Amino acid sequence: MTADREPVGVIGAGWVGLVTAACFARLGHEVHCRDIVSEKVEALRRGEVPIYEPGLAELVRGARDRLHFTTEMADVLAGAELLFCCVDTPPTYSGDADLSRVEAVLDELGDSDRHALVMKSTVPVGTGRWIERRRPELGYVSNPEFLKEGTAVDDFMHPDRVVIGSGERSARFADRVAALYEPQGATIIRTDVASAEMIKLASNAFLATKISFINEIANVSEELGADVTEVARGMGLDERIGPQFLRAGIGYGGSCFPKDVSALKQLAGNSGYHFQLLTAVIEVNELQKRRTVGKLQKHLGSLVGKEIALLGVAFKPDTDDVREATSLVLAARLRSEGAHVRVYDPVATERSRDLLGGATVAESALEALDGADGAVLVTEWPEFRELDWAGSVRERMANPLLVDGRNFLDGDALRAAGFAYEGIGRG
Ligand code: UGA
């Protein structure tokens, strides 16, 4: 079968599944996408996309004749042989990954040697081996995803690399998976299953390490009078280091880094190895979120009764995802210090209302800043650069104090306008 005729099955219409389904449909494949939530399937059939991801809704609507949404696994099994598994693998209380949704999928697949499960969900190293033992007839291919929220469609269409892991028994399926990605022209790496699984976890853990590293350089720079943005620029020009993921800030969040770093640490621990570096990466990230409170206290003293505005709730811009968002930790910490917290986010406040525990949700940045004793820029949404800081913001705030948690604004201009400005690592 040639790749341009290969129908594709996608199990799970969450963020990864929908992007995968829509992009394969865009590349000309018939796609059979299954989700167990019937309201979601109904909405998708009407062309309504339940998540905010730039370009995704247009893609889903544009490829509607090739995108078939269903609640029935039988429809997917009848329509396609390569079944991309895109279900959630959230962390459990122990930090291990919860594979119950993957198990539920397996229970619905027979031992058909026509079908292969292609694992996109992030799973512990060893999962493939376990599935191959449990389902000896079924093909199994590991094909981890490296999409970033906010740029997922572009990442899918122009990947840095595509990783495909398989054992010998499933090599013919792995060839067909590789053929699906040929139009993107990316480097395709073929490995065994365990190595493919490790590439995914190690990549996320390394990026998180890079962030915690630059955050510690930032903290030391504050003490020693260096500017971390200059330091990162100078370091990043070394090709061995590279410029990306050297933006110091108030810590990484999201549904992937915190989960995957802790999953890899846990996996190592379960195998008898104490992964010291990752233990520090996690701790540095936790402390980084809390340092912001100290920066407010430096200017305001006690925070009891103070009005603090948080600009941004999403864990990064261009997404409405608030999972493991720094804003949630910060809001809770500030409230326990006795502050009144108001938050504003251009797209994510609805999702986070219940998680913000007593914080006031504002309809605009100006409303959040009105009468505030201090503000923290948590998420670098472009609209925060457009605010008239020297004019209407300055007039409305009771006290012009800004902690810029992403080094996003022009600190010199703000200081000149009368603000007390605190960046991250800009000694
Ligand atoms: C991350 C990886 O970048 C993707 O390759 C991977 O596919 C994905 O996880 C996943 O496993 O599904 P994502 O969580 O969408 O993607 O977001 P990133 O853009 O990587 O940002 C993660 C966090 O790191 C954000 O909170 C961001 O603000 C923070 N960050 C990022 C920094 O603090 N500094 C940086 O220099 C870069």
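Is D318 buried, exposed or partly exposed? D318 counts as partly exposed, at 33% relative accessibility. The legends below describe close-up views of a predicted model.

**View 1. D318 in the loop between β9 and α13.** D318 lies in the loop that links β9 to α13 (326-336). Its phi is positive, about 65 degrees, although D318 is not a glycine. Most residues other than glycine have a negative phi.

**View 2. F245 in the loop between α10 and α11.** F245 is another residue that is not a glycine but has a positive phi, here about 60 degrees. The loop that holds F245 runs between α10 (228-236) and α11. With a relative accessible area of 24%, F245 is partly exposed.

**View 3. Polar contacts between the ligand and the protein backbone.** A backbone N or O atom of E149 is 2.7 Å from an oxygen atom of the ligand. For G253, a polar backbone atom is 3.0 Å from an oxygen atom of the ligand. For L246, the distance from a polar backbone atom to an oxygen atom of the ligand is 3.4 Å. The ligand on its own has 720 Å² of accessible area, of which the protein covers 96%.

**View 4. The shell around the ligand.** The ligand is surrounded by 19 residues. The closest of these are E145, L147, E149, K200 and C256. By class, the shell consists of 9 nonpolar, 2 polar and 8 charged residues. Which helices each supply at least two residues of the shell? They are α9 (193-224) and α11 (257-270). The largest share, 3 residues, comes from α9. Domain 1 (3-191) and domain 2 (214-422) each contribute at least three residues to the shell.

**View 5. The open sheet of 6 strands.** The strand order is β11-β10-β9-β12-β13-β14, and the pairing is parallel. The edges of the sheet are β11 (360-361) and β14 (420-422), each of which pairs on one side only. Within this sheet, how many bridges join β9 and β12? Strand β9 (residues 307-311) pairs with strand β12 (residues 374-377) in the parallel sense over 4 bridges. In this pair, A309 stands opposite A375 of β12.

**View 6. Strand β7 and its pairing with β6 and β8.** Why is strand β7 (residues 161-166) described as largely enclosed by the rest of the structure? Of its 6 residues, 5 are buried, so the strand is largely enclosed. Strand β6 (residues 139-142) pairs with β7 in the antiparallel sense over 2 bridges. V141 has S166 of β7 as its bridge partner. The pairing of β7 with strand β8 (residues 187-191) is parallel and comprises 5 bridges. There, G165 has T191 of β8 as its bridge partner.

Definitions and conventions
Residues numbered from 1 in each chain as written. Predicted model: local features only at pLDDT ≥ 70, side-chain atom pairs only at ≥ 80, totals over all residues. Heavy atoms only, no water. Near = heavy atom within 4 Å. Polar contact = N/O pair within 3.5 Å; in protein donor to acceptor, adjacent residues only side chain to side chain. Areas by Shrake-Rupley, 256 points an atom, 1.4 Å probe, with all protein chains shown as cover. Nonpolar A, V, L, I, M, F, W, Y, C, P; charged D, E, K, R; others polar. Domains from an automatic or database assignment. Pairing = 2+ DSSP bridges. Buried < 20%, exposed > 50% of the residue type's maximum accessible area, 1.4 Å probe, protein only.
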